[in-house]
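Good morning, and thank you for coming.

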Amino acid sequence: MLDQKRVFDALREEGVTFFTGVPDSYLNGFCNYALQNCAERNVIAANEGNAIALAAGHYFATRELPLVYMQNSGMGNAVNPLASLVDEHVYAVPMLLLIGWRGRPGSGDWPQHELQGEITCGLLELLHIPYAILEDDDEKFARTLKTAVASCAADRRPYALIAPKGVMAGEKGNNRDETYPMSREEAIETILEQLPADTIYSATTGRATREIFFLRKRRGEGGEHDFLNVGSMGHASSVALGIALARPERKVVCLDGDSAAIMHLGAMTMASKVSAPNFLHVVLNNGAHESVGGQPSAGQLIDFTRIAEACGYETIGAPVTDRAGLIQALKSLSGARRAAFLDVRIHKGLSGKLPPLDFSHREAIDGLMDTLNS
């Protein structure tokens with residue numbers, strides 16, 4: 001892996017000192033170094049498009065070259081501002097894009113990363129963005145960076161640095177935080193225990209999908225009531241709402257994460273436009289991008305409950321902070337007359353006992369569809 005101090009020294013020498021983006025496990029070393037050493041010049045964004053726009057604003061105000069970091073799965077969020085804001089035919093905004101390359105052809109990554117990995121370079125080419133694939137060599141990185149910065153200066157357009165697995169790696173910062181007593185696993189199991197057995201669940205990208213999958217196995221239950229949103233971060237609640245609207249006789253629960261909910265916060269406004277009293281939106285809120293390294297989110301800095309109320313959800317008026325409160329909240333919202341919402345505060349920290357989530361996506365979704373259409 002690259003020496004991150006040397007990486008940031010090289011960036012500083014080239015005048016790159018402002019960073020924004022969405023953390024990625026393949027960029028964990030970079031993200032953690034920026035968090036620890038560039039706190040006032042590093043903005044963890046809500047989503048990748050947000051980061052592109054922040055970087056553009058920084059360039060407009062300073063003429064300094066910014067860097068935007070993301071996993072390649074986030075390129076979809078970035079396409080609109082890359083094509084219609086920073087493109088050389090619009091406002092011609094130069095910036096470095098540091099992109100973690102999940103699903104690189106031949107790497108044997110998970111199915112949800114395969115297509116994105118295959119099209120990563122082609123998508124940059126369609127956007128007319130030059131790129132280089134980084135290697136695990138500090139001297140080569142410095143030379144590649146000089147080429148990238150020179151290209152940005154000459155052409156006033158972005159330049160992408162693609163990071164394969166291991167090149168920008170580092171230790172994950174998932175130290176347990178005891179601020180709140182419940183873990184994510186305990187919160188999910190409590191919900192499974194309290195709600196009807198035929199409840200449909202949509203679990204968000206990352207740990208929630210793995211934990212409900214293995215909780216089902218431990219409880220001797222099948223997964224035919226669960227949608228595991230292994231990709232498309234931020235969209236689990238919309239999938240759940242779509243199911244709830246089509247099957248009003250079924251209880252439908254979204255097990256969301258704070259970072260995922262923030263990524264597409266606009267989805268929450270749908271509660272004001274539709275009638276779905278069978279829908280419960282639960283945000284398992286640990287204030288972190290936990291699955292990719294534990295970098296902080298805005299989850300525990302904002303008031304999700306008041307946001308939800310303003311969007312049309314029924315709430316209990318405050319976050320839930322322990323198991324007893326969660327049980328009582330589920331009872332209180334059982335007779336909700338419209339879509340309901342819970343902010344469940346949990347502590348940070350990963351369970352080390354969960355193996356990778358290896359299952360047949362097609363079999364899983366066909367099983368859920370059979371359940372919903374039986």
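**The sheet and what surrounds it**

Strands (E, at least two residues) and helices (H or I, at least four residues) are DSSP runs numbered from the N terminus, and two strands pair if DSSP finds at least two bridges between them. Within this pair, Ala-132 has Leu-161 in E6 as its bridge partner.

This is a predicted model, in which local features need pLDDT of at least 70, side-chain atom pairs count only at pLDDT 80 or more, and totals for chains, interfaces and linings use all residues. Residues are numbered from 1 along each chain as its sequence is written, and side-chain values use heavy atoms, with hydrogens and water left out.

The pair belongs to an open sheet of six strands, in the order E2-E1-E3-E4-E6-E5, with parallel pairing. Strand E2 (42-44) and strand E5 (131-133) each have a single partner strand, so one side of each is left without a neighbour in the sheet.

Next, the helices. Helix H2 (residues 28-37) lies across strand E1 (19-21), E2, strand E3 (67-71) and strand E4 (96-100), where contact means heavy atoms within 4.5 Å. Helix H5 (residues 111-126) lies across E3, E4, E5 and E6.

Finally, how does the lining of the largest cavity divide by class? The lining has five nonpolar, one polar and three charged residues, where Ala, Val, Leu, Ile, Met, Phe, Trp, Tyr, Cys and Pro count as nonpolar, Asp, Glu, Lys and Arg as charged, and the others, Gly among them, as polar.

Definitions and conventions
Axes fitted to C-alpha atoms, helices over the stretch in contact; angles between N-to-C directions.
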